[in-house]
Amino acid sequence: MALLQAYSLHIRTLPSTLKSQSFAPHLSFPKSSFKTSQESSLFSITSTPKNIPFSLSTKQRRLLCRPPQGKYIREDYLVKKMSAEEIQELVKGERKVPLVIDFYATWCGPCVLMAQELEMLAVEYESNVMIVKVDTDDEYEFAQDMQVRGLPTLFFISPEPNKDAIRTEGLIPLQMMRDIINNEM
């Protein structure tokens, strides 16, 4: 409580020419360091004493649970994370089902949303479509070779070798993915 009393909000009176403008008050520290109101500045921000950190709370925060490890792929998910070598073997090998490759990053917000949609798609199509993921942070050179510029990037690869792969960038709706799989593969 004594620490909180050391901090106070200090607003000086505004000169009559500036009363119509609004200003945000700033935090200032112990009252002994306040400047006089005759100075030309409107607000005072004084430096923090060396023994008091610039925070209203000096207690360290307790964690309620362990933070996530930064990976949005668990072992029980249907969409598996694969390395570049595994992906190349899948593409070169013979498949009877279309292959969907998701290039993502753990820090990418739209990638997390796309991961949810891909999981729903994997449940819906079960063994009729193979969906895999590639982390662009782990497989940087492979992502560069595949010319991945934006995230998430999806590649739809048909099991027929004479059909071209379809590439999409950015967050796309679930229905569009269904249409590509049903009509183009």
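So, who does Ile180 touch, once we skip residues up to four places away in sequence? Its partners are Phe156, Ile166, Thr168 and Met185, where contact means heavy atoms within 4.5 Å. Keep in mind that this is a predicted model: local features need pLDDT of at least 70, side-chain atom pairs count only at pLDDT 80 or more, and totals for chains, interfaces and linings use all residues. Residues are numbered from 1 along each chain as its sequence is written, and side-chain values use heavy atoms, leaving out hydrogens and water.

Back to Ile180. You'll find this residue in helix H5, residues 174–184. Helices (H or I, at least four residues) and strands (E, at least two) are DSSP runs, numbered from the N terminus. Ile180 counts as buried because its relative accessibility is 10%; buried means under 20% relative accessible area, exposed over 50%, and partly exposed in between, with a 1.4 Å probe and protein chains only. Ile166 sits 14 residues from Ile180 along the chain, and their C-alpha atoms are 8.3 Å apart.

Okay, next up is Val148. Where does Val148 lie? In the loop between helix H4 (140–145) and strand S6 (153–157). Val148 is buried too, at 13% relative accessibility. Beyond its neighbours within four places in sequence, Val148 contacts Phe103, Thr136, Ala143, Thr153, Phe155 and Arg167. With Arg167, the C-alpha separation is 9.8 Å across 19 residues of chain.

Cys108 is buried at 6% relative accessibility, and Cys111 is buried at 2%.
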